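Subject: Structure handover

Hello,

Here is the structure for your work. My notes on what turned up follow below the entry.

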Amino acid sequence: MKMVLLGTGTSHGVPVIGCNCKVCRSEDPRDNRLRCSAYLQEPAGILIDVGPEFRIQALRYKINRVDALLLTHAHADHLHGIDDLRIFSHSKAYDPHNRSARETEGNGLPVYSHNSVIEDIKHRFSYIFKEVRQGGGKPKINALATECYNESNPIKINGVEVLPVLIKHGYLDDSGWILREKKGDGYRSIVYLTDLNSIPAASIDLICSFAGHIEHLVIDGLRILPHSTHFSFEQALELADRLKPGNVHLTHITHNLFHWQVQEYVDAIISRYPNLEAAKNNGGSVGPAYDGLEMVC
């Protein structure tokens, strides 16, 4: 599997509108963070979240295929680029030899999330689900609730097995995502956990039992100080140490610190986390993610 991080910033992004801090004025491209999203490039085209900058991200990283969308939750910074999925899921096909618009075949682009998110999408973007007599200016979405999927019945997308995992974003139920692929006698995986401040014990057990070897863990790490709905750096590293991944990439980072300062902070405290220290000594990476980071599993 091969994944690229399309965005690694908070809901404001970095630079923040109207902010003149040193980080927002940084010339280091790693400090320029679009809203959080990821894209599995191989062996399937799987998009995780579709924020308001998706068009920019798709052009920047040359996305020309989306087989499915996985949504973590319905906050604007993770959802409000959904209209730009039109190009991957036209609701109407234009035939220059036939002026009447024709509905494209199939049920539309599969979009997976838990039922409350699906209902929120249908309410907030109701035009997507209404029949129209003219025009094709809306995506064709096949909204699929994930409640029926479990460890023995994962989502299967072009050779990749995918499973949602419950995480908590304040009081909000959020979906983390496990993407795994068969390798020899076992599995290797990428685990994507953003926008969380706690995780149920059952979800940790699910990750450990389903993921196999976690090659890459992408995990919410907002800043040094605690936050009511996001992990701090230390909280993220504490969970990561329990999951024992080969590489850890902190995401959803705010503009409090430069990229290099976050890495310096992580390096200063990594001895508290023996499994992460061992992974790093074995050639792994433990530190802040950045837009355009590629991960191979």
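The lining of the second largest pocket divides into six nonpolar, five polar and three charged residues. This is a predicted model, and the pocket has a volume of about 200 Å³. Of the 14 lining residues, those closest to the centre of the pocket are Thr 146, Pro 164, Val 165, Leu 166 and Ser 175. Two or more residues of the lining come from each of S10, S11 and H4. The most come from S10, which gives four.

The sheet comes next. Seven strands make up an open sheet with mixed pairing, in the order S9-S10-S11-S12-S13-S14-S15. Strand S9 (155-157) and strand S15 (286-288) are at the edges; each has a single partner strand, so one side of each has no neighbour in the sheet. From one strand to the next the twist averages 25 degrees. Helix H4 (residues 201-210) packs on this sheet and touches strand S10 (160-169), S11, S12 and strand S13 (213-220). The direction of H4 makes about 160 degrees with that of S10. Within the sheet, strand S11 (residues 172-183) and strand S12 (residues 186-193) run antiparallel and are joined by seven bridges. Trp 177 stands opposite Tyr 192 in S12.

Leu 71 sits in the loop between strand S4 (68-70) and helix H2 (76-79). Is Leu 71 buried or exposed? Leu 71 has a relative accessible area of 0%, so it counts as buried. Leu 71 and Asp 174 are 103 residues apart in sequence, while their C-alpha atoms are 8.9 Å apart in space.

The other is His 114, in the loop between strand S7 (109-113) and helix H3 (115-124). His 114 has a relative accessible area of 11%, which is under the 20% cut-off, so this residue is buried as well.

Most residues other than glycine have a negative phi, and most peptide bonds are trans. Asp 49 is in the loop between S3 and helix H1 (54-60) and is buried, with a relative accessible area of 0%. His 252 is in the loop between strand S14 (247-251) and helix H6 (259-269) and counts as buried at 3% relative accessibility.

As for cis peptide bonds, one runs from Val 14 to Pro 15, with omega near 5 degrees. Pro 15 lies in the loop between strand S1 (2-7) and strand S2 (37-42). Another cis peptide bond joins Glu 42 and Pro 43, with omega about 0 degrees. Pro 43 belongs to the loop between S2 and strand S3 (46-48).

Regards

Methods
Residues numbered from 1 in each chain as written. Predicted model: local features only at pLDDT ≥ 70, side-chain atom pairs only at ≥ 80, totals over all residues. Heavy atoms only, no water. Pairing = 2+ DSSP bridges. Axes fitted to C-alpha atoms, helices over the stretch in contact; angles between N-to-C directions. Contact = heavy atoms within 4.5 Å. Buried < 20%, exposed > 50% of the residue type's maximum accessible area, 1.4 Å probe, protein only. 1 Å grid on protein atoms, 1.4 Å probe; cavity = no way out; pocket = protein on both sides within 12 Å on 5 of 7 lines; lining within 4 Å. Points joined across faces, edges and corners; volume = space filled by probe spheres on them. Nonpolar A, V, L, I, M, F, W, Y, C, P; charged D, E, K, R; others polar.
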